[in-house]
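Please open the model in your viewer and keep the selection panel at hand. The tour below goes from one selection to the next and says what is found at each stop.

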Amino acid sequence: MTMKRILCALLCALLLAAVPAMAEDADKDARIAELEAQVAELQAQVDAYHLKELVATFDGGEVPLDEAESLYDLSVTQYAQMGIDVVAYGMDGILREVVVDTLAEEAIVQYMAGELGLGLTEEQQAQFAEEAQATYDSQVDSYYQTYLAGQYESEEDGLAVAAQALDEMGYSYESYLDSLTSTQLSTNVYDYVTKDVAVSEEDVEAAYDEYVAADEANYADPYQFENAFSSGVTIYYTPEGYRNVKHILFKFDDDQATRYDELSTRLADLEAEQVAAAEAADATPAPEAEDGEAESPRAITEIEADIAQVSADLDALYEELMPEAEAAIERFNAGEDIDALIAELNDDTGMPETGYAVSTTAEASAQAWDPAFTEGALSIEEVGGLSAPVRGVYGIHLIYYAGDITPGATALEEVHDEVESLTLQNKISQTYADQISAWKEELHLVTYPEHLA
């Protein structure tokens, strides 16, 4: 029994006990006033205790604490599965507020569906009852088959146990029906609020200007533009100095990639050792070992010999890919279509159909790409030309200069339909959000996230 019910029972007991006394008491009015004061005090206690069982109230409804606790616990679990401890990250307070606000908005929408006469049709009620029953029966059968099959004398007994287990976990027929019903009511309210939303040409033009300005600011960073171009998003403004390239990548296989990593790491270490040896040669006296004798670093000539050997090994590794690259160059020079060659030979499966954007500005040319790729892309003198084989970190590239990318704002007519669609969706979302906010105020919503401890 909840505290509210307990206190209500006490109220009733107090009134019943007072009846005989009222009959014998000459000052009935005073007694009545005294009882009314006691009733008011107890009612205040009832209200206070009941309020602790809620996280939100509004004119027409309330949100129970246990419902908020369930959603909060589920959210915490979902964050934990992503490796995020909401308490350790200091997110628990914000999460409580989000949970309470979400449930409060849902409750208000369900309430307003009734107030606006947006309930379910008889056809929808019948359909949802059928869907809920089918879903419930399927879940019961799945639970039985997974956990209980063969443990009971009859399948009917096992299904009954499965149904009871699911009901206790909150997956009852009623829960599925409530979910379908509340979703439809929310849809009805959303459609009602937003049905007349429209955008004018002036709205589209204003949104277009905002998108252009935002892209112009964002794409001052070459990395952002190069990634945007290759990801296929709509670009509203193109900065100066970009060329469009495509390529055929002859990629290292797994063994070759491992050898490349080992050789390139070894080469970097040797080059660092070479610099250190050159610096040590200029320093006097030479460093001493623990036994007091001078510690001599490796001779520069010895390091240089090792560098030459590793470089030769890298050359040999790339040579393994050269026959394929040279054959592709011959086919291109013979007039074969570059897109057909790319489709047949390219190991870069992630390259978009439009290719990549590479900055021609020296200080910005090595943003998103392997520096060798950027250098190769900029080495091609004319549009339509193909680079010599470019040795990169993934293998060998043959880079095709597809053209220069026109700078400036993208013409509105080219993106009009997309801008109009985005503008309409944004206006619909804002209209609905504004209506929810208005209902919160009109219905005097009060939230108590602090009750969700």
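A nonpolar core is here a set of buried Ala, Val, Leu, Ile, Met, Phe, Trp, Tyr and Cys residues joined through side-chain atoms within 4.5 Å. With that in mind, and remembering that this is a predicted model, select Val245, Ile248, Ile338, Phe373, Leu386, Leu398 and Ile399, which touch the most other members of the largest such core, a set of 39 residues. Elements that give two or more residues to this core include strand E4 (242-251), helix H10 (254-281), helix H11 (300-319) and strand E7 (395-404), and the largest share, six residues, comes from H11.

Next, centre on Leu386, which, leaving aside its neighbours within four places in sequence, is in contact with Ile329, Phe332, Ile338, Ile380, Leu398, Ile399 and Tyr400. Another core, of 29 residues, lies apart from the largest one, and Phe58, Val99, Ala107 and Leu452 are among its members.

Now move to the open sheet, in which three strands are ordered E2-E1-E9 with antiparallel pairing; strand E2 (61-64) and strand E9 (446-447) are the edge strands, each pairing on one side only. Four bridges join strand E1 (residues 54-58) to E2, and Phe58 stands opposite Gly61 in E2. Helix H3 (residues 65-81) packs on this sheet, touching E1 and E2, and its direction makes about 50° with that of E2, while H4 touches E1, E2 and E9, its direction making about 35° with that of E1.

Finally, select helix H7 (residues 173-194), where the buried residues include Tyr173, Tyr176, Leu185 and Val193; among the elements that cover the buried residues of H7 are helix H4 (92-115) and helix H15 (412-442).

Terms used: Residues are numbered from 1 along each chain as its sequence is written. This is a predicted model: local features need pLDDT of at least 70, side-chain atom pairs count only at pLDDT 80 or more; totals for chains, interfaces and linings use all residues. Side-chain values use heavy atoms; hydrogens and water are left out. Buried means under 20% relative accessible area, exposed over 50%, partly exposed in between (1.4 Å probe, protein chains only). Contact means heavy atoms within 4.5 Å. Two strands pair if DSSP finds at least two bridges between them. Axes are lines fitted to C-alpha atoms, for helices over the stretch in contact, and angles run from 0 to 180 degrees between N-to-C directions.
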